[in-house]
Amino acid sequence: MLNKLSLYWHTIRYLKIKQIYYRILKKLGLHCSHGVYLLKKQRTENIFIVNTIEELDFDPVFLSRFSADSLLSDKITFLHDDEVFQWYSCWYFPEHSELWNYNLHYFEFIFVLLNAFKKENDEIYLDKIKECISGWIAENPRGRGVGWNPYTIALRLANWISVYKTLCSYLQNDSIFEKKMLDSMYQQYTHLSMHLEKDLLGNHYLEELKTLLLCALFFNDSKMLHKSIRALKKQCREQILPDGMHFELSPMYHKIILEDLLRINVALRSAGQPDEELESYLQPMLNVAYSFENETFRIPLFNDSGNNISKSLDALLTTAKKYFGLTPYLKNQMPDSGYYIFTYGIWKLIVDAGKPGPNYIPGHSHCDGMSFELFKNGKPIIVNCGTYAYQCKERIFFRSTSAHNTVMIDRTEQSQCWGNFRLAKRASITLLNINKHTISMKLVDQNGGCVKRTICFDNKRLKITDISDKGKLSAFLHFDTDLVEIKNKIWRIPKVGICHIDADYIQMTQMDYAPEYGYKSKIKTLVLNGFEKVGCCICFDE
């Protein structure tokens, strides 16, 4: 009982008072809004066609996750998991994960049908689009099920606005469907406006504000537009760090929020209401996304991140250039978020010297303090293990210290992760020194154990040294490539180099690896164990 009370206390103590207040309102079934209450009478007669972004809606990398032919045959795939689906039936599948079911209601798949219709002008695709939307409307009455979760509404409504813009001229020939779609969109807009996730805040709340703004433009709702812009500015000031990184410190969610701000600002410009403050976040956020993925071709796997959720970097760069004339530049140091990037020729190293995440929103945080990822010619060599899913038995492993290229003392997790999105006692990290070749950090774990890590990196070697005043250290190295043991404490990494290990005991094992959500394989892991000091030095091949 005392342990449970401690767990809850160290979780709740970091929350904002208003989060607790809004959580109580939610439990009581009361509304949570901006104070703008929409008309009950549906306003669908005076629509403003919001300028959406085809470069994002029809991003070829994103669309490759779906198949128009499969959808025509009523087969749908999310997160590497298939389902044959009748659109006029239940929109919830208990045999699939919660995240899979959420993706079903996001309606991101609709763009592969829309793209096929645009290219081939075959009404079979238009009919299937109408069937999908009509099926959702018929089988998801207001307030019931996953489809009416505020975050789900926010993503779906933004997508339906894009669908309507693309098809509005064709829908004039089917006024019954058009009215049904617009009526549902207004009903969803109304529901969202009264069920904002002010208890969660973070990326969820910002996503909902984005959609309220788009809907306010779409339905010519000036009061909601004013409130949404004001709330968005407040959130951006808090959520976008001075170095440009989103404050939840996930490279994947950073790209999602960048996409949101691109859409917001394009829509405001199309309405003749550009906002200088909201546009000011685009350049620094673009720089961060570009710096992470430049010459690596994938998202680095820090905190909750995977490579099949956000839009591609190319689509984001193209959008920023076309609509705002922005081009990114590389950043090697992001001191506010704690990310540091080192490059030497064909080698790239990304180091995480930041805290787990914002104190009051730890849901996407991992025990990855002082971890790193190493790339050669864009190919991942030493990697964190990823995320895989949210509501699953594997969740605790993927958030754990051992799933990352970092170190722990006496087998103590850096931070106290529990549940799917909870964090109680947590680690702190201090940057001690950084220069062109070296970064030194100190981590204090949840129990007060302290370890110093120094990473030296140049075009000939990567050297990691972990030192603690007391206790047994265990450091983890996950290799997305083969390992060959030559002799004790010396390992050969094909096409990389020789790894010299300083440890009392070396263990080679396999752990789960999930570079994408819904997919996992096994990866080779070296565990270095020693008293007060462990380390390794990888000497690169010439």
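Colleague: Let's start with T52. Leaving out residues up to four places away in sequence, what does T52 touch?

Modeller: T52 touches D57, I161, S162, K165 and Y323. Contact here means heavy atoms within 4.5 Å. Before we go on, this is a predicted model, where local features need pLDDT of at least 70 and side-chain atom pairs count only at pLDDT 80 or more, while totals for chains, interfaces and linings use all residues. Residues are numbered from 1 along each chain as its sequence is written, and side-chain values use heavy atoms, with hydrogens and water left out.

Colleague: Okay. Where does T52 lie, and is T52 buried or exposed?

Modeller: T52 lies in the loop between α2 and α3 (54-57). T52 is buried because its relative accessible area is 12%. The cut-offs are under 20% for buried, over 50% for exposed, and partly exposed in between (1.4 Å probe, protein chains only). Helices (H or I, at least four residues) and strands (E, at least two) are DSSP runs, numbered from the N terminus.

Colleague: Now the inside. Which residues touch the most other members of the largest nonpolar core?

Modeller: F109 and Y189, in a core of 125 residues. Helix α9 (residues 150-171) gives the largest share of this core, twelve residues. By nonpolar core I mean a set of buried Ala, Val, Leu, Ile, Met, Phe, Trp, Tyr and Cys residues joined through side-chain atoms within 4.5 Å.

Colleague: And what is F109 in contact with, beyond four places in sequence?

Modeller: F66, L71, I76, F78, W87, L104 and C132. There is also a second, separate core of 42 residues, which includes Y340, L526, V534 and I538.

Colleague: What about helix α7, how many of its residues are buried?

Modeller: Eight of the eleven residues in α7 (residues 110-120) are buried, so this helix is mostly covered. The buried ones are I110, F111, V112, L113, L114, N115, A116 and F117. Their cover includes α3, α4 (60-63), α5 (68-72), α8 (123-139) and α9. After α7 comes N121, with a positive phi near 55 degrees.

Colleague: Switching to the surface, which residues make the nonpolar patch?

Modeller: Y8, I12, L15, I17, I20, I24, L28 and L30 make a patch of about 740 Å². Two or more residues come from each of α1 (2-12) and α2 (17-27), and α2 gives the most, with three. Nonpolar side chains (Val, Leu, Ile, Met, Phe, Trp, Tyr) are joined within 5 Å, and like charges within 9 Å. Areas come from the Shrake-Rupley method with a 1.4 Å probe, and for residues only the protein chains shown count as cover.

Colleague: Why does Y8 count as partly exposed?

Modeller: Because its relative accessibility is 37%. Y8 lies in helix α1.

Colleague: Which residues of α1 are buried, then?

Modeller: L7, H10 and T11. They cover an arc of only 105 degrees around the axis, so they sit on the same side of α1. That arc is taken from the directions from the helix axis to the C-beta atoms. On the other side of α1, L2 and W9 are exposed. What covers the buried residues includes β9 (417-418) and β10 (422-423).

Methods
Patch = residues over 30% accessible without salt bridge, like charges linked within 9 Å, V, L, I, M, F, W, Y side chains within 5 Å. Salt bridge = Lys/Arg side-chain N within 4 Å of Asp/Glu carboxyl O.
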